[in-house]
Amino acid sequence: MQKIKLLLCLLLVALTVNAQKTENYNNNPFKQLYEELPTPGVYHTAAGAPGHAYWQQQADYKMKLVLNDENQSVTGEETITYTNNSPDELEYLWVQLDQNVRAQDSDTYKISNQNISEKGMNPYAYGRMFNDFDGGFKIDAVTKADGSEQSHTINKTMMRINLDKPLKSGKKYKFSIKWHYNINDRMEIGGRSGYEYFPEDDNYLYTIAQFFPRMCVYSETDGWQNKQFLGRGEFALAFGDYDVEITVPADHVVEATGELTNMKQVLTPTQLKRWEEAKTADKPVLIITQEEAEANEKSRSKETKTWKFSAKNVRDFGWVSSRKFIWDAQGVNLNGKTIMAESLYPKEGNPLWEMYSTKAVVLTLEVYSKYTFDYPYPKAISVHTANIGMEYPMICFNYGRPEKDGTIPDRTKYGMIGVIIHEVGHNYFPMIVNSDERQWTWMDEGLNTFVQYLTEKEWTDETGEPFPSRRGPANKIVRYMGGDKENISPIMTNSESIHQFGANAYAKPATALNILRETVMGPELFDYAFKTYSQRWMFKHPTPADFFRSMEDASGVDLDWFWRGWFYTNDHCDLALDHVKHYKLKPQVNKEGEYAFNEDFWEERAALIAKRMAEQNGETKKKEEEKAEKKEKKEKKKEEKPEIIDPNKPETFDPLERWARDKDAYKELYEGMSERAKGLFHTDLNFYELKLSKVGGLVMPVIIEVEYKDGEKEIMKFPAEIWAKGRNEIFKVIRTEKEIANIVLDPKEETADTDRDNNYWPAKKEETKFQEFMNK
């Protein structure tokens, strides 16, 4: 019994101490991020740059691939040369087997959240129960450099290479893998890659990726990144050099990551001539015309052709193959270097793709290079296929298909242009600025969506209309930010655990960066810092801390409050304009220093003081009545006197409690003023006291628009540090020569304020979107 009592007492003490700690914890939104960010060092500096001892691993690949167009499968063999640039000895290596996400016993199927509804259910989400697709890698052999068997262990989407002895720092290890797998039907099963079948002409269009066993990243921050691939969190990959041979039916056209090294052997003389013309053209040149592609669709060659590609310093490899491709290209001059912008698409993509795809690629390369670094690869390819947008080094797969009658709805047109900009933009993030997608989706999707928005703003076409961007402007994130907090994750959430994936990992970080650029920092400071981060981490592996620190270090702006609120919490912005009070000076002295006292005012004050003294001296009731009668007569002759207000007791002030101030005291006060103060005293200024409150959790700059009674408007901005004391209410006094008619908080919707009904003085309610629509 005594022990139980003792345990209960200890538990009570622990709970009390914990409660005190919570109560006393520094919750100021401007608290620095020392607890959240990792300690900087020789690998990642406090400035956000790679340290003097920074290192990263390298994985080089030599591959031979065969596409079987009869049974839709890929057979491959590869030799991987892995270089250990770390200071550590490695006891084993880890390899990713991404295709195993489609194996029938995949954990992805097991953890899928599904229900049965009127719309039915997706049979492929239930694994073996309904799914008869035989997906996943079939590993045929894993061998050492001498051809002997390599010990290995497969764990779902990962494979461990068991080394006979540790791989020492600075040493290389070479091993080979043979495999094959069945290509998934994307239109039935979905997926980032696969094939689309066209029954009208009995052809396939293959978009192939995650098709080979790939090395995992080993880093100083996380060790081996061998978190299982469940389908949502994408990829963490090491840079390396690739030499790849792809054997396909002879009538197929292939494009891929890297330079085509046997172009003269696989292209016709006409195609080669057009390719050369495209290098200096000011608009896309057709390498393969629609007429030629349609003729090729009818071909069924029994021969094969091998296309050879070489890519230097890339983190991945993707490729496409089909006999349906129309192909156009245009050279882009970036500071004297020609980059080939290309598009490959079936006839089903026209006329939309011939009109806009390569144009969008060109614009993307130009704008992204302006804000980050010059595009370092020799080409950028946009490939059309239905329903997806997916990116790999130098090549991406994009949706956007006209209606069968050839009409192009605006939604299709701008959706296609937007996805091309986005996927080509991924060459910068994460193909070159190589963040860990498996852990942090926002580091590539969010940054890329932000620069996509900057690119869309520079789009021009025959309509002359601005691009209808879906993400970037602050007002487009309001509905998400103001939603149910249980369904909103902080941006700093692992990729597999995010609620509302698109809004969280794409839209919110892109909006945050746009607000930083336009409202918090200004374009000049922001652009310099963003470019500094991008160039520091070209062909390297940055972490979130590197981004946060680089943006602050290169701009000289403390942004810890911004990262904390926007990235580490699910708070929203709701600033309110609670009330406005108007004051105006009425001096008792003119500009020449001549006193022009309001005699009624001073006589009333003297009477009050006299009354107080009379009461104290026991003056007779008769005298009091005489004075009262005299005062009553006087009051009939003059207008009502202004109320005397004590600022210390605004509600209960008794005039008799006020201290005695007479004309001499007023003179003494005035004559003691500086000339500057006397000048202000006579300016006939209006003073407006604004009370603002922070209803939501985010601190943001205060932006107000003042409209004067003469119709003129003025914008006033106050930085977010106005909230630095941690208060939820602040006061701001505005002085103006003209009287104000109304005030609007955040007039241009720059801060993602979720409730604009409390942003007005005088108060008013905004129309809902539905009311806006109905009024139109």
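Aspartate 746 counts as buried, at 3% relative accessibility, in this predicted model.

**Residues with positive phi**

- Aspartate 746 lies in the loop between strand E29, which covers residues 740–745, and strand E30.
- With a relative accessible area of 3%, aspartate 746 falls under the 20% cut-off for a buried residue.
- Lysine 156 also is a residue other than glycine with a positive phi, here near 60°.
- The loop that holds lysine 156 runs between strand E5 (152–155) and strand E6 (158–167).

- The bond that links asparagine 350 to proline 351 is a cis peptide bond, and its omega is near 10°.
- Proline 351 is placed in the loop between strand E20 (337–345) and helix H7 (352–371).
- A cis peptide bond also leads from tryptophan 761 to proline 762, with omega near -5°.
- Proline 762 belongs to the loop between strand E30 (760–761) and helix H19 (769–775).

**Strand E7 and its partners**

- Strand E2 (residues 73–83) and strand E7 (residues 172–182) run antiparallel and are joined by 11 bridges.
- Within this region, threonine 79 has serine 176 in E7 as its bridge partner.
- Strand E7 also pairs with strand E4 (residues 138–144), in the antiparallel sense and over 6 bridges.
- Which residue of E7 is the bridge partner of valine 142? The partner is isoleucine 177.

**An open sheet of 4 strands**

- The strands of an open sheet follow the order E8-E9-E18-E14, and their pairing is antiparallel.
- Strand E8 (194–198) and strand E14 (253–256) form the edges, since each of them pairs on one side only.
- On average, neighbouring strands of this sheet are turned by 10° against each other, direction ignored.
- In this sheet order E9 stands next to E18, and the antiparallel pairing of strand E9 (residues 203–208) with strand E18 (residues 319–322) comprises 3 bridges.
- Opposite tyrosine 206 stands serine 321 in E18.

**Helices H11 and H14**

- Helix H11 (residues 501–521) packs against helix H14 (residues 560–568) at an angle of about 155°, and the two axes are 11 Å apart.
- Why are the two helices described as roughly antiparallel? An angle over 145 degrees counts as roughly antiparallel, and H11 and H14 are therefore roughly antiparallel to each other.
- The crossing of these two helices, H11 and H14, is right-handed.
- On the H11 side, the residues in contact are Lys508, Pro509, Ala512, Ile515, Leu516 and Val520.
- On the H14 side, they meet Trp561, Phe562, Trp563, Trp566 and Phe567.
- Sorted by class, this contact of H11 with H14 has 10 nonpolar residues, 1 charged residue and no polar ones.

Notes: Residues numbered from 1 in each chain as written. Predicted model: local features only at pLDDT ≥ 70, side-chain atom pairs only at ≥ 80, totals over all residues. Heavy atoms only, no water. Axes fitted to C-alpha atoms, helices over the stretch in contact; angles between N-to-C directions. Parallel < 35°, antiparallel > 145°, perpendicular 65-115°, else oblique. Left-handed = near helix turned anticlockwise from the far one by under 90°. Contact = heavy atoms within 4.5 Å. Nonpolar A, V, L, I, M, F, W, Y, C, P; charged D, E, K, R; others polar. Pairing = 2+ DSSP bridges. Buried < 20%, exposed > 50% of the residue type's maximum accessible area, 1.4 Å probe, protein only.
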